[in-house]
Amino acid sequence: MIRAEIEAKGGAMEFSRFMELALYAPGLGYYTAGQQKFGEQGDFVTAPELGGLFAACVARCCHDGLAQCGGGDIWEFGAGTGALAAGLLRELGRRDGLPRRYRIMELSPELRARQRRRLERAVPEYVDRVSWEDALPGDLGDAVIVANEVLDAMPVMRFCVDDGSPRLVHVVPRGSSFGESLQQGPANQLAAVAGLGLAKGYCSELHPAAAAWVASLAERLRRGLLLIVDYGYPEREYYHPQRTQGTLMCHYRHRAHVDPYRLVGLQDITAHVNFSAIARSGVDAGLKLTGYTSQAAFLIAAGLLDLAAREEPAGEAARLALTRQVQRLTSPAEMGESFKAMALSKDLQRPLTGFGLFDQRRRL
Ligand SMILES: C[S@@+](CC[C@H](N)C(=O)[O-])C[C@H]1O[C@@H](n2cnc3c(N)ncnc32)[C@H](O)[C@@H]1O
């Protein structure tokens, strides 16, 4: 399919289109075909899959956001196995702070079915509040929007600085696989790269799809909050002189490598998030940058340790699993520092739960 489209385009395809097809081509892409992706049996493990603590902390931030609006909906993007949705609804129910509706935007039909099964099993009492949406309405009303590890799965443009001027990576057929050629691209994107002042030979990514996604949510939100958790850096670190080959990574069965042209449709392809660009896009579209911090600082400020103490693990193995969960979520050697939490808000007056411990907004 990709080869046919490349041919129809005259022999080359811009990398972000290749990534879009490899991940999301209906019925064939990594996220849209049926294979197991998440968990120990899949290709990677995300924070909500480790246990209930991550969702319970995120719930405290959502509860605060909804309370500041006087109620509203939750929109979750890319809900994976439904673990975060189940955990959020359970904790918000416990706090008497359920959203009016819990709306899920999920591109994969297989994951939608899996999410529904998970919610019916885990929180049957709340399933009638949950709906799967096909399109964003023009007006989201008052809402809290949650996206955990979603922006890293959005297609990126790749560029290389060639003889002083930037060029975009295009995908071309090569034997039975694919190769790359450097070509011209949209003037605004090339100007953005030129503005970064990078040296010859430097290659990295741009994130127009993620930036446009933030802007479109900002325009539709009446009041509320966009909470993003993902791995990424501020711009200065993203385009650090030593990170000369960008951040693109592929995952297949818990192995990571950098070749996006292997196992096309069977392996995950991701890139880190440029949090400065995300903040810029949100602020330009009318949001306020309310918080930016590491995942560890966010979870601890949202009460991770109290929540862990509230658990009553039955036996030594369960106690060790709980400790391991806290460690994986917060250790700088695991998810604690490489993952960040960002809150972009509209018309909220008070500081938000989760962002009071270690404010890193100035780094953006
Ligand atoms: C790495 S998974 C993370 C899943 C889940 N949030 C978790 O933490 O386990 C990325 C998810 O983002 C979804 N996704 C990517 N772009 C999206 C978009 N524009 N709208 C909705 N979902 C999207 C994918 O379909 C996939 O379910």
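Trainee: At what angle do the axes of helix α3 and helix α4 cross?
Mentor: This is a predicted model: local features need pLDDT of at least 70, side-chain atom pairs count only at pLDDT 80 or more, and totals for chains, interfaces and linings use all residues. Residues are numbered from 1 along each chain as its sequence is written. Helix α3 covers residues 53-69 and helix α4 residues 83-94 (helices are DSSP runs of H or I, at least four residues; strands are runs of E, at least two). Their axes (lines fitted to C-alpha atoms over the stretch in contact; angles run from 0 to 180 degrees) come within 8 Å and cross at roughly 60°.

Trainee: Is α3 oblique or roughly parallel to α4?
Mentor: The axes cross at roughly 60°. Under 35 degrees counts as roughly parallel, over 145 as roughly antiparallel, 65 to 115 as roughly perpendicular and the rest as oblique. The angle therefore makes α3, relative to α4, oblique.

Trainee: How many nonpolar residues are in the contact of α3 with α4?
Mentor: From α3 come Ala55, Ala56, Val58, Ala59, Cys62 and His63, and from α4 come Ala83, Leu84, Gly87, Leu88, Glu91 and Leu92 (contact: C-beta atoms within 7 Å). Of these, 2 are polar and 1 is charged, with Gly counted as polar and Cys as nonpolar. The number of nonpolar residues is 9.

Trainee: Are α4 and α5 roughly parallel or oblique?
Mentor: Helix α5 spans residues 109-122 and packs against α4 with the axes 9 Å apart. The angle between α4 and α5 is about 30°. The two helices are therefore roughly parallel.

Trainee: Which residues of α5 make the contact with α4?
Mentor: On the α4 side are Ala83, Ala85 and Ala86. By class, the contact of α4 with α5 has 5 nonpolar, 1 polar and 1 charged residues. The α5 side consists of Gln115, Arg118, Leu119 and Ala122.

Trainee: Which are the edge strands of the open sheet?
Mentor: The sheet has 3 strands in the order β12-β11-β13, with antiparallel pairing (at least two DSSP bridges make a pair). From one strand to the next, the twist averages 25°. Strands 255-257 and 268-270 each pair on one side only, and these are β12 and β13.

Notes
Contact = placed C-beta atoms within 7 Å.
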